[in-house]
Amino acid sequence: MAARPIYDSELNALHERLSKMCETIEKMIRDAVASLNTMDKEAGAAVSEADRTVDEFESAIEKMSIRLLLKQQPVAKDLTKITTALKVITDLERIGDQAADLGEMVAEYPAGELSVEPKRLKRMGEVAVSMVHEAVESFLNESEGGADIVAGADSELDNLLININADLIAMIKKDSATADEALTLLMAAKHLEKIGDYAVNVARWTKFVVTGVHPDKKHACKNTGN
């Protein structure tokens, strides 16, 4: 009878570590966008360095998950949740990579400042952070509704990217000397759009945990409680 409380405690520890990993990634995205707004090279470099922490979280969660699988031999829904967590941390680590790349891009940008304030990029950053947070919360809480919110927000991110692209084309037409700057802003937008894509992946894994069916898969996995 004592085994179950220990098992539940280990599951809770796994969820806590996932939550901490998400908090670190959210801060990375916020800091990356802030560094872009001010072209603060030191701040951008700090974001890139924070990616090591995300990698450490991924490694720790992977070990915790495998230990749970080997020691506790979970079945049914618990098995699905733990094996899916291994998929989720891969997407989270990739989100961290995108934020780190954005910070590194700022750190290596040759000019001291941008000639335009990237307002739409700031909004993209806000949406991306919200999507990552909602995606992880929906996974930890098995909230199918939360997963749907993430999928809906992805449309705003895609539209912002389209508008930024149009803005940058207009900027280059007005002054061809801004081409390098425009490319930097476009790459930043693409990093944020990719972050949104990975958040959607996490939301889809939530759907799988809750329903037993992954939105991208044709087959279903029978999901019964312990």
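Biologist: How many aromatic pairs does a search of the whole structure find?

Modeller: The search finds one aromatic pair. Keep in mind that this is a predicted model.

Biologist: Good to know! What makes W205 and F208 an aromatic pair, and why is the pair called edge-to-face?

Modeller: A pair of aromatic rings is described by the distance of the centres and the angle of the planes. The centres of W205 and F208 are 5.8 Å apart, and the cut-off for pairing is within 6.5 Å. The planes stand at 85° to each other, whereas edge-to-face asks for over 60 degrees, so W205 and F208 form an edge-to-face pair.

Biologist: Where do W205 and F208 lie?

Modeller: Both are in helix 6 (residues 179–211), three residues apart, which is about one turn of the helix.

Biologist: How do you know whether W205 is buried or exposed? And what about F208, buried or exposed?

Modeller: Buried means under 20% relative accessible area. W205 has 17% relative accessibility, so W205 counts as buried. F208 has a relative accessible area of 14%, so F208 is buried too.

Biologist: Helix 6 also packs with helix 3 (residues 76–108). What makes helix 3 roughly parallel or antiparallel to helix 6?

Modeller: Their packing angle is about 175°, with the axes 9 Å apart. Angles over 145 degrees count as roughly antiparallel, so helix 3 is roughly antiparallel to helix 6. The residues of this contact divide into 16 nonpolar, six polar and seven charged.

Biologist: Now helix 4 (residues 119–141) and helix 5 (residues 144–174). Why are helix 4 and helix 5 called roughly antiparallel?

Modeller: Helix 4 and helix 5 pack at about 160°, with axes 9 Å apart. The cut-off is over 145 degrees, and helix 4 and helix 5 are therefore roughly antiparallel. Their crossing is left-handed, and the contact residues comprise 14 nonpolar, three polar and six charged.

Biologist: Why is E142 called partly exposed?

Modeller: The relative accessible area of E142 is 24%.

Note on methods:
Residues are numbered from 1 along each chain as its sequence is written. This is a predicted model: local features need pLDDT of at least 70, side-chain atom pairs count only at pLDDT 80 or more; totals for chains, interfaces and linings use all residues. Side-chain values use heavy atoms; hydrogens and water are left out. Axes are lines fitted to C-alpha atoms, for helices over the stretch in contact, and angles run from 0 to 180 degrees between N-to-C directions. Helices (H or I, at least four residues) and strands (E, at least two) are DSSP runs, numbered from the N terminus. Angles under 35 degrees count as roughly parallel, over 145 as roughly antiparallel, 65 to 115 as roughly perpendicular and the rest as oblique. A crossing is left-handed if the near helix is turned anticlockwise from the far one by less than a right angle, and right-handed if clockwise. Ala, Val, Leu, Ile, Met, Phe, Trp, Tyr, Cys and Pro count as nonpolar, Asp, Glu, Lys and Arg as charged, and the others, Gly among them, as polar. Rings of Phe, Tyr and Trp (its six-membered ring) pair if their centres lie within 6.5 Å; planes under 30 degrees apart count as stacked, over 60 as edge-to-face and the rest as tilted. Buried means under 20% relative accessible area, exposed over 50%, partly exposed in between (1.4 Å probe, protein chains only).
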